[in-house]
Amino acid sequence: MEAIKGFFNLVADPRLFFLLSVVGLVLIVWKREAFARLSVGYGLMGFLAVFFLFGMTDENFVLIIAKPDNVPIVALIFLVVFFTWYSMREAVLNDQRVAAGEDVIEKQESDRVWVWPDLVYTELIALVLCTAVLVVWSIALEAPIEQPANPANTPNPSKAPWYFLGLQEMLVYFDPWLAGVVLPSLIIVGLMAIPYIDTNPKGNGYYTFNERKAEVTLFLFGFVILWTSLIVLGTFLRGPNWNFFGPFEYWDVHKLEALNNVQLSEYLWVRGLGTALPDNILVREGIGILLSLAYVTVLPVILARTVLKGYYEKMGPTRFYVGAFLFLMMLSLPIKMFSRWLVNLKYVVSIPEWFFNI
Amino acid sequence: MAKAKSIQPQAGALERAWNWLTETQIWTSVFRHEAPISDRNRVLVMLSNVFLHLHPVRLKKHGVRLRYTWCMGGLSFFLFLVLTFTGVLLMFYYRPTLEYAYSDIVGLREHVPLGIMREMHRWGAHAMVITVWLHMFRVFMTGSYKPPREFNWNVGVIMLVLTLLLSFTGYLLPWDQLAIWAITVGSNMARATPFLGYEGPGASLLAIGDVQLIHAADDARFALLGGTFVGEGALLRFYVLHCVALPLVIGFLMAVHFWRVRKDGGISGPL
């Protein structure tokens, strides 16, 4: 028992957790034919069910999972895993049909049916089921109400509503102006830009993977890993002082975590060149500023001429640059994560004087 | 030999009552056609009913399959209706002031027998966030944002943001520890807004001589909260946004969204 709990506590560590989910995504995409099997779907849902049932025997686990506002996230885990599997399965089945020279299933089923009764009754049943679930849920679980608001008593940890916890988790790696303002705005802009950047005419109106490999992989990376799994991490695995706690770990307020993060400028001047930090801010942070600028200006050009040459030719300069910029912004989170984990890098550019840290 | 006399079987009492009812002037004034069991009436029911006319008359078979749609868009809309209904009921009992907000919420539990309206509202809101995400997930995986539906995808993204804002503004209203600290954490981000937040990069550049234009009492966070902390101003602001402003905007966009689904060729499918 303890060994199993210890194993899950270990695996849930953000570093391992993130690495494993990326490996998982690569496996899903690469071995999608195997992933699409029914047995895998049943297996995944069964594993989750057993995991949560097993977890309910642990008091620390129950404390987090059974918090009323966290219940929807348990549901979210099941739903996201299920629909990721399900949509990949539909895509693989369609790809197999195409490979066998048949039409995709949506094309085969393109003869028309009457909205009354076919659709209207489906809707009615869905509404009745949805209402029933909501009523049972509401009777079974009371909405939380804590002590009256008290501005003088800050709870530890203080958490945003659950759907923003992915963003709050980003605060570990970025300052508020990026994690709380710029990156969320870019997520919205990026989502809105998708139809204008993606010029691939295929895969319109049916599930497929082979016809839009890069798009689907990127979306799964963004939605399932960066968005959903960071929400799960922020909700279940972040305790007092936003320290990490395994799912079966006690939330110890006094848990100490070494703060040994170092700025890039300190790496360069103090540790690299053995001198004091220059007084001039721009000189001090010059290398970080140049790196950051190069990341969004030079790197897209290099990509356009090398690995992503095909995309550049298909998309044209404007679409390519906007797409590459958004892609690099999305990638900046894992880059910051890994530079923190591997070399304890805190900020690439650190100008607290101007509230400007990257 | 005499022919056997054929006797019409007498219609049952229920059938006769039904026939009488559907021929009354009241009934025929509401329903302009017969039951939708013939093709003609299946067309008419869609054309003459304001609620059903969101639908086409016929649609492609894959479009009614849960396998294709996951029903997530429909459930999001339905949950919005549930939230509107339960929200109106809650508004009867709730006063958005520091004095009453918390005790009104406690009162909902203590004084209303079998009251589950607050539960329905809260769990329904959480569920709606999830169904909206999954709807978006489905739309992406079927490539349904591609031409000619680019604009409708954008309307959807804005409604996603509005859904989150609706949920966020509602989170404050119970005025308990959970509420104010979640909103404090969330709204603290606004003070780091570049240029417009007083702890944001570039804000110090906006100055006339020695006078800072952006400070704690006029920055982006102040605009959101109606104060420098989550207090009475924030409660009223969030209440009005939650109950009036945001529902109006999202309702308007829903009309656009559904209209465009139809105008862009109905539910997506292989071209």
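Among contacts in chain B between residues at least 6 apart in sequence, 61% join residues at least 24 apart; two residues are in contact if their C-beta atoms, placed from the backbone, lie within 7 Å. In chain A, 69% of the contacts between residues at least 6 apart in sequence join residues at least 24 apart.

Before we go on, a word about what you are looking at. This is a predicted model, in which local features need pLDDT of at least 70 and side-chain atom pairs count only at pLDDT 80 or more, while totals for chains, interfaces and linings use all residues. Residues are numbered from 1 along each chain as its sequence is written, and chains are lettered from A and ligands numbered from 1 in the order in which they are written. The predictor gives the complex an ipTM of 0.95 and a pTM of 0.94. For chain B the mean pLDDT (the predictor's confidence in each residue, from 0 to 100) is 92, and 98% of the residues of chain B reach 70 or more. Within chain B, confidence is highest in α8(B), at 97, and lowest in strand β3 (residues 211–212), at a mean of 86.

Let us stay with chain B. Chain B has eleven helices and three strands; here helices (H or I, at least four residues) and strands (E, at least two) are DSSP runs, numbered from the N terminus. Read from the N terminus on, the elements follow the order α-α-α-β-α-α-α-α-α-α-β-β-α-α. Chain B is more spread out than a compact globule, because its radius of gyration is 27 Å, well over the 18 Å that the globule rule gives for 271 residues. That radius is taken over C-alpha atoms, and the globule rule is 2.2 Å times the number of residues to the power 0.38. The C-alpha trace of chain B spans about 120 × 55 × 30 Å along its principal axes. Of the 271 residues in chain B, 43% are buried. A residue is buried if 20 or more other C-beta atoms lie within 10 Å of its own, exposed if 12 or fewer, and partly exposed in between, with C-beta atoms placed from the backbone.

Some loops of chain B deserve a visit. Most residues other than glycine have a negative phi, and most peptide bonds are trans. C71(B), in the loop between α4 and α5 of chain B, has a positive phi of about 65° although it is not a glycine. C71(B) is buried, because 23 other C-beta atoms lie within 10 Å. W175(B), in the loop between α8 and α9 of chain B, also has a positive phi, near 55°. W175(B) has 23 C-beta neighbours inside 10 Å, so it counts as buried. In the loop between α7 and α8 of chain B you will find P148(B), which a cis peptide bond with omega about 10° joins to P147(B).

Now turn to chain A. Its secondary structure comes to 16 helices and three strands, and its C-alpha trace spans about 75 × 60 × 40 Å along the principal axes. Of its 358 residues, 28% count as buried. The domain assignment, which is automatic or from a database, gives domain 1 (1–109 + 116–143 + 219–257) and domain 2 (161–205 + 261–358) of chain A. The centres of these domains, taken over C-alpha atoms, are 28 Å apart. Their contact takes 15 residues from domain 1 and twelve residues from domain 2. On the domain 1 side, α2 (14–30) and α11 (213–236) of chain A each give two or more residues, and α11(A) gives the most, with eight residues.

Chain A has a cis peptide bond as well: one with omega about 0° joins N156(A) and P157(A), and P157(A) sits in the loop between α8 (115–140) and α9 (165–170) of chain A.

Finally, how do the chains meet? In all, 79 residues of chain B are in contact with 74 residues of chain A. On the side of chain B that touches chain A, α7(B) gives the most, with 14 residues. That side has 48 nonpolar, 19 polar and twelve charged residues, where Ala, Val, Leu, Ile, Met, Phe, Trp, Tyr, Cys and Pro count as nonpolar, Asp, Glu, Lys and Arg as charged, and the others, Gly among them, as polar. Strands meet here too: three bridges join strand β1 (residues 112–114) of chain A to β1(B), and the two run antiparallel. Strands pair if DSSP finds at least two bridges between them. In this pairing, V113(A) stands opposite L59(B).
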